[in-house]
Amino acid sequence: WQGLNLASIDSSLGRYFGTEKGVLVVSNGPELKGLQSGDVIQRVAGSEVESPREVMRALRDKQAGTQLKLEVLRDRKPVAVTITVPKSEPLPFMAPPPAPPAKPASR
């Protein structure tokens, strides 16, 4: 989802955001209304998350249009957020560059 950038919480960030666990929303895409930059996602559909990969997996495992409950810290306070899972766009296939031309054979 374009615009969704997540980061793991380490001890320094944890002190700042008031938690030792969770995944920081650095920026959210327009498709994920309800999330805000600076939110710390702690649970997705009731399951704890500790890495951006776990959050992305939880989103990808749900069908587009599904309502999904997230428990986040916002301004150091717990907030329940419901988002609608956006349609996942496949990554564009990038073909490898062509091989350089072969050197002419020497005679």
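The buried residues of helix α2 are covered by elements that include strands β1 (5-8), β2 (23-27), β3 (40-44), β5 (67-74) and β6. Buried means under 20% relative accessible area, exposed over 50%, and partly exposed in between (1.4 Å probe, protein chains only). This is a predicted model: local features need pLDDT of at least 70, side-chain atom pairs count only at pLDDT 80 or more, and totals for chains, interfaces and linings use all residues. Residues are numbered from 1 along each chain as its sequence is written, and side-chain values use heavy atoms, with hydrogens and water left out.

**Helix α2**
- Helix α2 spans residues 52-60, and Val55, Met56, Ala58 and Leu59 are buried in it.
- Those buried residues fall within an arc of 160° seen down the axis of α2, so they line one face of the helix. The arc is taken from the directions from the helix axis to the C-beta atoms.
- Arg53 and Arg60 are exposed on the other side of α2.

**Pro78**
- Strand β6 (residues 77-84) holds Pro78.
- Pro78 counts as exposed because its relative accessibility is 72%.
- Beyond its neighbours within four places in sequence, Pro78 is in contact (heavy atoms within 4.5 Å) with Val72 and Leu73.
- Gln42 is 36 residues from Pro78 along the chain, and their C-alpha atoms are separated by 9.3 Å.

**Whole chain**
- The chain has 2 helices and 6 strands. These are DSSP runs, numbered from the N terminus: helices are H or I of at least four residues, strands E of at least two.
- Along the sequence the pattern is β-α-β-β-β-α-β-β.
- Of its 107 residues, 30% count as buried.
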